[in-house]
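Try each task yourself, then read the solution.

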Amino acid sequence: MPFVNATLCAKPSPGLTERVVLLLTDLTAKVLGKERERTTVAVQYVPEEQWGRGGAIPARGFYVEVKITSGTNSRDDKSRYVREVNHGLQMLLAGSAGYVAVDEIAPDSWGYAGETQELRYARDRLSLAQPELHLQ
């Protein structure tokens, strides 16, 4: 149930938005092993005159933050995700450099549709255990 927020310093376009959503969804599923159907991606645009680096405006770039449940991915997974998201967005944004942050949130501190990840996990574990109970 990851949430990916991408802020791009680029000219808004439906085509670019579609490609970024697909790229981030694919990488979140492939690299972090998250369920594609539960991955949400939001894309926002910032005009070049509102994005600075090193005190200079304009600059080009991006900032991507993915929120995942803590303890569900290894350091290697997260490192690969940062690298591959950065590479993919550099390709889509003509070489712009940017930031990628993996934000791990405790399972009792975040959720979707009114249910925490902790509750979802417990319910899923219980439903897996119940068929065994009926067989005994």
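**Exercise 1.** Find which residues of α1 are buried, and what covers them.

*Solution.* Begin with the terms: helices are DSSP runs of H or I with at least four residues, strands are runs of E with at least two, and both are numbered from the N terminus. Buried means under 20% relative accessible area, exposed over 50%, and partly exposed in between, with a 1.4 Å probe and protein chains only. By that rule, L16, V20, L23, L24, T25, L27, T28, V31 and L32 are buried in α1. Next, look for the cover, which includes β1 (3-9), β2, β3 and α2, where contact means heavy atoms within 4.5 Å.

This is a predicted model, so local features need pLDDT of at least 70 and side-chain atom pairs pLDDT 80 or more, while totals for chains, interfaces and linings use all residues. Residues are numbered from 1 along each chain as its sequence is written, and side-chain values use heavy atoms, without hydrogens and water.

**Exercise 2.** Check the span of helix α1 against its 19 residues.

*Solution.* The expected span is 1.5 Å times one less than the number of residues. Just after α1, G33 has a positive phi of about 70 degrees.

**Exercise 3.** Locate A94 and describe its phi.

*Solution.* A94 sits in the loop between α2 (75-92) and β4 (98-105). Its phi is positive, near 55 degrees, in a residue other than glycine. A94 is exposed, at 69% relative accessible area.
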